[in-house]
Amino acid sequence: MDKEKILALLQENGKPPVMLNGLPLNSQQKNWLDGFLSGLQMQVADQHQTSEPIGKPLTIIYGTQTGNSEAVANEAATIAKNHGLAPTVLDMGDVNLTELVKVERLLVVTSTYGEGEMPDNAHVIWEEMTSADAPRFDNTYYSVLALGDTSYDDFCEAGILWDKRLEELGGSRIADRVDCDVDYEPLSQEWIGTVMPIMTERGSQEAVQMTVNGKETQKPKYTRKNPLEAELITKKLLSSEDSSKEIVHYEFSLGSSGETYLAGDALNVVPENSPQLIQEILDLFDTKTDEETRRQLRYDLEIRTPSKELIQLVGENTEDEELKRMVENDDKEAIDAYMWGLDCHALIKSYGHGKISFYDFLKTCKPLTPRAYSISSSIKAHENEVHLTISSVRYSREDRAQNGVASTYLADMVKVGENVKCYFSPNKQFKIPENGDLPIIMVGPGTGIAPFRAFLEEREQTSAKGENWLFFGDRNKAHDFIYQDEIEEMVKNGLLSRLDLAFSRDQNEKVYVQDKMLAKGDTLFQWLERGAYFYICGDAFRMARDVDQALHTIVSVHGKMSDSDAASYVNNLKKQKRYVRDVY
């Protein structure tokens, strides 16, 4: 029985089509039903066949920083099978352009990182896509799903660029790009439901199926929708009580979950809003609310960081002429500077109090999203455990304490013995070399040391013979030298071959990790020439850029290269996955 006959049976003598809760199905529901019926039709057909039918190949590539795009890509693959397609899901970091151009049916799922940048796993393939000699995609049917965050100016920029570039190279767009905010599930499901029926009608049956070493990504057991509840078993302050920072070491038990991870992966923590902030919001509006709304304020809504919609709402209702002018003129740079350090409570109290209702505020709130943290342990060294190293976000603005959501949720609200909802995100790019004889260079000031603690533990556990070089620093050695005992023991036992420390405020002239790199540039270049892998972890907007510039300078000076040749040298490191970053 085909889909048309099934649909006919679900209708009654000329009456409107299928109804749900007394209403006609919308397009998303129709697409879902179409997918369900396709799957049902395939199951019926399978009962009459001795071998599994071979569907039309479909390639789905994803660019991701925290794993959301990968999750959507895997979900799309599941639905694709229901439509008779044979999907392959690939990390962009594993995609070869000469193979990609042969693909007839292509779906691109990508997030945007930082200020409109490609996610780290997409850098190499994107450089090849945008080169002057990039191949044509004249035989490729494609569609793009972009994941982003409207709180950033370059919303979904990476997806926009992929969509435009594929069109420029001759690709045929089968469905308009869909741009998703942090609450991406509804729009991503609608996009999947839209593109799959169209893809079944495009291309030939014998189209190329892409593979990478015969491997495809596996769907994780625990996800954002189905998080693991891990018990907090250790919480320890790493920074001195006299430090200007609060850096905390956390250890979680994986219990009987069977979960595992690799050094370099991330753990996503599902946070809760603090009861104090919730009460401050309610007091601000002088309102009482029901239990369900309080539950949403605690678990579901981002009530600390102002959304663009809230800034717009306040700007339209404020008596502050400067803020009103900036919002009216959409002066993004001025608004960012004006808003620095303001949470929702401070913004409303100072600029819109009395003119905005509690429910007006709720309408502007975005979903409360998980926070991804670099894992600071090797599971080989800490069986059935995962460790995090987190700086608690605390500061004052207008005589009021401000606290980061996830960092202070762990520091202040979760007690040892209690469970935290979380799930893993693999980082296939940020990995130690499979050849343990190769040297590695790690640049990770502050909490950027987290994955390098994991790397060093892993290298020790696997008896890797390659040399290890760490550049670490912070403000003051006396107060901010986290994991000092462990690091000094690694130097003593030879695990750390070289250690360069940069504590910026221990002398009159500030010294940073990039300064230490430049001072040892000759040796660093020699390591690169011997096949060393180069890693950066930490602040994306200052440190990582300064370190990158220092690396280019070192290659140019000590490799006796022009600036363009040095840039090519560094780009080649990236292509070989010997220069990778985990920045935020």
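**Basis.** The model is predicted; local features need pLDDT of at least 70, side-chain atom pairs count only at pLDDT 80 or more, and totals for chains, interfaces and linings use all residues. Residues are numbered from 1 along each chain as its sequence is written, and side-chain values use heavy atoms, with hydrogens and water left out.

**Overview.** The protein has 22 helices and 21 strands. Both are DSSP runs numbered from the N terminus: helices are H or I with at least four residues, strands are E with at least two. Of the 584 residues, 50% count as buried. Buried means under 20% relative accessible area, exposed over 50%, and partly exposed in between, with a 1.4 Å probe and protein chains only. Among contacts in the protein with a separation of 6 or more, residues 24 or more positions apart account for 79%. Contact means heavy atoms within 4.5 Å.

**The five-stranded sheet.** An open sheet of five strands runs in the order E19-E18-E17-E20-E21, with parallel pairing. Strands E19 (498-503) and E21 (579-583) stand at the edges; each has a single partner strand, so one side of each is left without a neighbour in the sheet. From one strand to the next, the twist averages 10°. Two strands pair if DSSP finds at least two bridges between them. In E18, Asn468 is the bridge partner of Ile440.

**Strand E16.** Five of the seven residues of E16 (residues 419-425) are buried, so this strand is largely enclosed by the rest of the structure. In E16, Val420 stands opposite Ala230, and Phe424 stands opposite Leu267.

| Strand | Partner | Bridges | Direction |
|---|---|---|---|
| E17 (residues 440-443) | E18 (residues 468-474) | four | parallel |
| E9 (residues 228-237) | E16 | four | antiparallel |
| E11 (residues 266-269) | E16 | four | antiparallel |

**Helices H20 and H21.** H20 (residues 521-529) lies across E17, E18, E19 and strand E20 (533-538), and runs at about 135° to E18. Axes are lines fitted to C-alpha atoms, for helices over the stretch in contact; angles run from 0 to 180 degrees between N-to-C directions. H20 also packs with H21 (residues 543-558) at an angle of about 90°, with the axes 9 Å apart. The two helices are therefore roughly perpendicular to each other. Angles of 65 to 115 degrees count as roughly perpendicular, under 35 as roughly parallel, over 145 as roughly antiparallel and the rest as oblique. From H20, Gly521, Asp522, Leu524, Phe525 and Leu528 meet Leu551, Ile554, Val555 and His558 in H21. The residues of this contact divide into six nonpolar, two polar and one charged. Ala, Val, Leu, Ile, Met, Phe, Trp, Tyr, Cys and Pro count as nonpolar, Asp, Glu, Lys and Arg as charged, and the others, Gly among them, as polar.

**Helix H6 and Ser111.** The buried residues of H6 are Ala158, Gly159, Ile160, Trp162, Asp163, Arg165 and Leu166. They pack against elements including strand E3 (56-63), strand E5 (105-111) and helix H5 (123-129). Just after H6, Gly170 takes a positive phi of about 100°. Ser111 is found in strand E5. This serine counts as buried, because Ser111 has 12% relative accessibility. Leaving aside neighbours within four places in sequence, Ser111 is in contact with Gly63, Thr64, Gln65, Ser69, Pro119, Leu147 and Ala158.
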